[in-house]
Amino acid sequence: MTSPTLPKLIGARIKRREDPRLIQGRGTYVDDIKLAGMLHMAFKRSDIAHGRIVSIDTSAAEAMEGVECVLTGAQLAEFLGPMPILTPFPAPPHYAVATDTVRYAGEPVAVVVATDRYVARDAADAIQVEFDPLPVVVDPDRALAGDPAVLHPDLTNILGQTGSNIALYVPAGTGFDPVAGTVDNSAIDAAFANAEVVISQRMWNQRLVPNAMEPRGVVAHWEPGKDTLTVWSSTQNPHTARNTFCGLLGLGQDQVRVIAPEVGGGFGAKINIYGEDYVACAVSRRLGLPVKWIEDRSEAFVATTHGRDIVADLEIAAKRDGTILGLRVKLIADIGAYEMLLTALVPTLTNGMLSGVYDIPAIRSELYEVFTNKTPTDAYRGAGRPEGIYFVERGIDMLARELGMDPGELRRKNFIKPDKFPFMTQAGNQYDSGNYEAALDLALKNANWEGLKRERDAARAEGRVVGLGMSFYVEICGIGGWEHASVTVHADGRITATTGTSPHGQGHETTFSTLLSGQFGVPADRITIVHGDTAMVKAGNGTLGSRSQVSGGTAIMNAGEKVKGRMAEFAAFMLGAEAEAKADELEFVDGRIQLAGTPSIGKTFEEVAAFAYMGAGNAAGAGMGYPEGGAGLTDEAFWEPAGATFPFGCHIAMVEVDRDTGELAVKKLVAIDDCGTVVNPLIVEGQVHGGLAQGIGQALLEGAVYDEDGQLLTGSFMDYAMPRASDLPRFELDKTTTVSPHTPLGTKGIGEAGTIGSTPCIVNAAVDALSPFGVTHLDMPLRPELLWRIIQGGAQ
Amino acid sequence: MGQVTVTLNVNGRNRKVTVEPRTLLVHALREQLGLTGTHVGCDTSQCGACTVFVNGQSVKSCTLFAVQVEGDAITTIEGVAKDGELHPVQEGFWEEHGLQCGYCTPGMIMASIDLLNTNPQPTEAEIRDGLCGNLCRCTGYQHIVNAVQYAAEKVKA
Amino acid sequence: MIPVEFDYERAESLDDAIARLAATGGEGKLLAGGHSLVPLMKLRLSEPSSLIDISRIAGLSGIREKDGKVEIGATTTHHEVQQSELLRRLCPVVPEAAGEIGDPQIRHKGTLGGSLAHADPSADMPAVVVALGAEVHIKGPGGWRAVAAEDFFQDLFTVDLGPDEIIAGVQFRPLRSAGYAKLHQRASHYAIVGVAAALDVEGGVVRSARVAVTGASTHAQRLPNVEELLAGRPANAESIAAAAAVAGDTLEDVNVDLHASEEYRRAMVKVFTRRALERAAAR
């Protein structure tokens, strides 16, 4: 096999091949799928946050015309066991539909199956449920103490405790031995003993609602007689869905086909496999008919996993010259009522990010995950990394303010230096590569940092409330294990490639066809990328954690390289008599396979492809020879990076707060992102823009707010503020390029970057703006009233 | 409750749908006429994914009953391209990478066309304000703004 | 989300609508643009037995000038109000406020009459019609009556409108020197506080002022202490600041929600009263 070559189209702004269907309304999303005889499901959900189910009266619902069946959680549990999760820690049983106790408002208690979506909703509303209410746990500090209730009294947690709301306890950092489970605090204690200055702050990274614009949906179709199940699901990882369906339904992986059609955004919340999905599969199998369920937005607010929600008690020990000696943090993650697929894992990623881009010699973190009577949390764009970076970057900013240092210079002083990579942080991650000073310098230059400072000071002199903020981020990409790809060159010279990554807006069809186009020297429009179908894609781990280019792209290129090598052998055989060509001397250029340096000696791509499928028998019949190894041009590859990649970047923002109202406007946002080699800048910029908007949304607008009864007060777009076009400035983007040693192209991943950097950047800018009023920290979201109170001199 | 027959002109063709009075226009379009390009993204009239034209004006088809638009002319995303030629706004969305997952896109395109119908040469601020009835979670809106600017330029030229 | 079942009827005339409404025995509701009602029905917070569509009644929509007054028909959409050249010329506060409602799609369907009848405590137009001293023209089985806008809004979602009565339109004496200023709730774009101010200025002196607030309390209402402080004063920044400083001091039942406490809302009533007055004075 020849070594992978860098495709020549890398770095070109290629517009997306996905778009023609999507801009004409021709994409097929789950709700667009209609099958003969298809039934519709609707769920009756708990309107209280914690209580025992006393009785469920389904008689009125069952009497309705068009209602096929009504099943309570207890009835479902007779043929559908508790849902699987992918984390290795002790977890409570969690049924798709509550069997005897509800633990969050919105938890399903019964399902209706009917001939029509409207009838199903009518019937679900007609179900009467009587609850015996239990005390509601909403405050994570109180949850930690088991107050006022314990959600899962029968669970024995990782600490061996029963009767506790602690789902997980994970220490990390310097002196923690994960094998022995021991913690040596001498280094961190010494850091704080030697500190000349200590920053100490409680910070909350609030709960968010992911809100992909397409709510979730599923169509499950069990075919009796064939004994196969086909499931269309709005998911980020169809193979994981298939595997979990098989596990819970007792079916073989050859019997279940999961298709992710067009998926209208995921942002991590469509990694999880949900109760509604399992119920649809089980009900379809029971009835022998296809079943559809489409989530309403109002349902999505309570029924789709939330993100973030973690409190940090952060301390930083430093010297007066700005040298950071140590960082200590206690984290409490409010994970809601149950553990979903990766719920317990996400906050542990926060533990791993606590070194940020800094060379911090001693770190101690202790993470508690606690159950509360809220919607369960799971991955949300960034998944653990934004939380960690937020805490560190807020802490660094507080330290700069305390020391009177420029925030850029304090950062520069503590950066991990370029010659120290690969660098093992005290938080336990090995960073692959980085050049943080280069990104800082470019950000300072592009933003005109010194000029902005003068602008801010001049504005302040006029009585305006203006602030400047900076943040630096690093993130982990390429996690999530191996990825699979296959490449087939057909007899007509066209190419089909499959990928186990499963896009929902990331443009894989464009990016991956670009890679193959460069690799094979044929136009991209002769290449089809197949994804999101477990019957057509042999294996995969989905699109999540910014892994698709790193893992999926490399797998595709490796499979391509194998096929290319075989194709070169066919070409060499064809050319052999006239040129004594050797396979490794052939180049694939402009639709030809030819001798490097002597382009006249070669064959067209199509000629070679056709010959490859001729087969030895036909060749012999035509009086021709045929190379060893037989017919065909198809191969596959599994690929797993040797280590995670660590993209990074620097963001700078200027904000202005309306003195009268507290409304904050982002006046400027400069983002420098370094994701290694950029394949398609258009797509990368789109990823950064979207991430910036989500990060700014968290800083300024978004928040899942619960009342003391566990009711979600921000349960619709009427109260949960999503960023709109008018809430955002025009972003100013640029990049540095520090390649990863772990990927052949030097790519690192970009999907989550913008989300991670922008949130602390905006909060740092807001704190700067309000620093004349004595503020050193603000918790998000930065609602106008909060800022107004500070300007008024009142309490926060 | 009984069913009623509603006559509409959809994308230039006269169509009949038989619906309940409570059938939302978006459901009639999607489920009876198979025009699934119009999407549902919320239930409180904020997201704009369901935007279609009724008699030439953008409306949220999730907040209208099909019976209300009897006899009206409806344009959905499927009717925007003419004779296989993309509308300048569609072209702008493609050229400028104005979409990612594509779910908000049909509504966003309809709202953008309406915006340019009312204000053919909008400023960036006017574009951002004019799209306040549509949510996009993927793009951060910048490429959408670029797409509308592209279309405005193209129409001017 | 899907509404419960209902009957749908289309009214041919105002009298037909009144008769049909009466026939529902209080269980029916009028449907014009539906942009207040339909979202509530989808969430099943409103379950009328029948809807009577008045959107196609001839003459119920439109903006006319008559005898020095302006009439806006009940089924005139917010978009039509916003785009009206007549209103921009004679009474720019009305299109200004209409342009603050929702978003373009909502403004294409939502109607003035619907907004007034629904009387959401955070709706924009109620403050404007109160500040303009508009009359709400109502027809019922007993014939026509007119109610001053300030008396029309009575309480939370409560107006002076019988179950079988219909708003036909509003009428007011237009004036240029009026302004509307609003603090947007960032999710819904409803008003956390919205203030409409109308000034009758002659020779640089405020002869009289009418100032009304929405969003702050149960219903749109005047701010009499502000009006009193302005009357007879020069129309300048000093008078405006002095008057705005007392805005909302007499308000009762101030709204408290996730987005704003009572204290903040009261403070914003002052801020947006000042801004509305500044706009009015600048016209």
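**Figure 1. A:Asp227 sits in the loop between β11 (217–223) and β12 (228–233) of chain A.** Strands and helices here are DSSP runs, numbered from the N terminus (helices are H or I, at least four residues; strands are E, at least two). A:Asp227 is not a glycine, yet has a positive phi of about 55 degrees. Most residues other than glycine have a negative phi, and most peptide bonds are trans. The model is predicted: local features need pLDDT of at least 70 and side-chain atom pairs count only at pLDDT 80 or more, while totals for chains, interfaces and linings use all residues. Residues are numbered from 1 along each chain as its sequence is written, chains are lettered from A and ligands numbered from 1 in the order in which they are written, and side-chain values use heavy atoms, with hydrogens and water left out.

**Figure 2. Two cis peptide bonds in chain A are shown, A:Asp147 to A:Pro148 and A:Met780 to A:Pro781.** A:Pro148 belongs to the loop between α5 (140–144) and β7 (166–173) of chain A. For A:Met780 to A:Pro781, omega is near -10 degrees. The loop between α20 (753–770) and α21 (784–791) of chain A holds A:Pro781.

**Figure 3. Helix α11 (residues 385–403) of chain A crosses helix α12 (residues 407–414) of chain A at roughly 115 degrees.** Their axes come within 9 Å. Axes are lines fitted to C-alpha atoms, for helices over the stretch in contact, and angles run from 0 to 180 degrees between N-to-C directions. α11(A) is therefore roughly perpendicular to α12(A) (under 35 degrees is roughly parallel, over 145 roughly antiparallel, 65 to 115 roughly perpendicular, the rest oblique). From α11(A), A:Glu393, A:Ile396, A:Asp397, A:Leu399, A:Ala400 and A:Leu403 meet A:Pro407, A:Leu410 and A:Arg411 of α12(A). Contact means heavy atoms within 4.5 Å.

**Figure 4. A salt bridge pairs A:Arg412 with A:Asp441 (2.9 Å, N to O).** A:Arg412 is in helix α12 of chain A, and A:Asp441 is in helix α13 (residues 436–447) of chain A. The two are 29 residues apart, so the pair links distant parts of the chain. A salt bridge is a side-chain nitrogen of Lys or Arg within 4 Å of a carboxyl oxygen of Asp or Glu. The whole structure has 90 salt bridges over all chains.

**Figure 5. Helix α3 (residues 105–118) and helix α5 (residues 142–156) of chain B cross at roughly 45 degrees.** The axes come within 11 Å. α3(B) and α5(B) are therefore oblique to each other. α3(B) gives B:Met108, B:Ser112, B:Leu115 and B:Leu116 to the contact; α5(B) gives B:Ile144, B:Val148, B:Ala151 and B:Ala152.

**Figure 6. Chain A meets chain B through 55 residues of chain A and 51 of chain B.** About 4700 Å² is buried between them, and carbon and sulfur atoms give 52% of that area. Buried area is the accessible area (1.4 Å probe) that two parts lose on being put together, summed over both. In chain A, A:Ile23, A:Tyr118 and A:Arg730 lose the most area to chain B. Seven salt bridges are counted between chain A and chain B. A:Glu702 and B:Arg137 form a salt bridge (2.7 Å, N to O).

**Figure 7. Chain C meets chain A through 23 residues of chain C and 28 of chain A.** The area buried between chain C and chain A is about 2300 Å². A:Asp660 and C:Arg275 form a salt bridge (3.2 Å, N to O).
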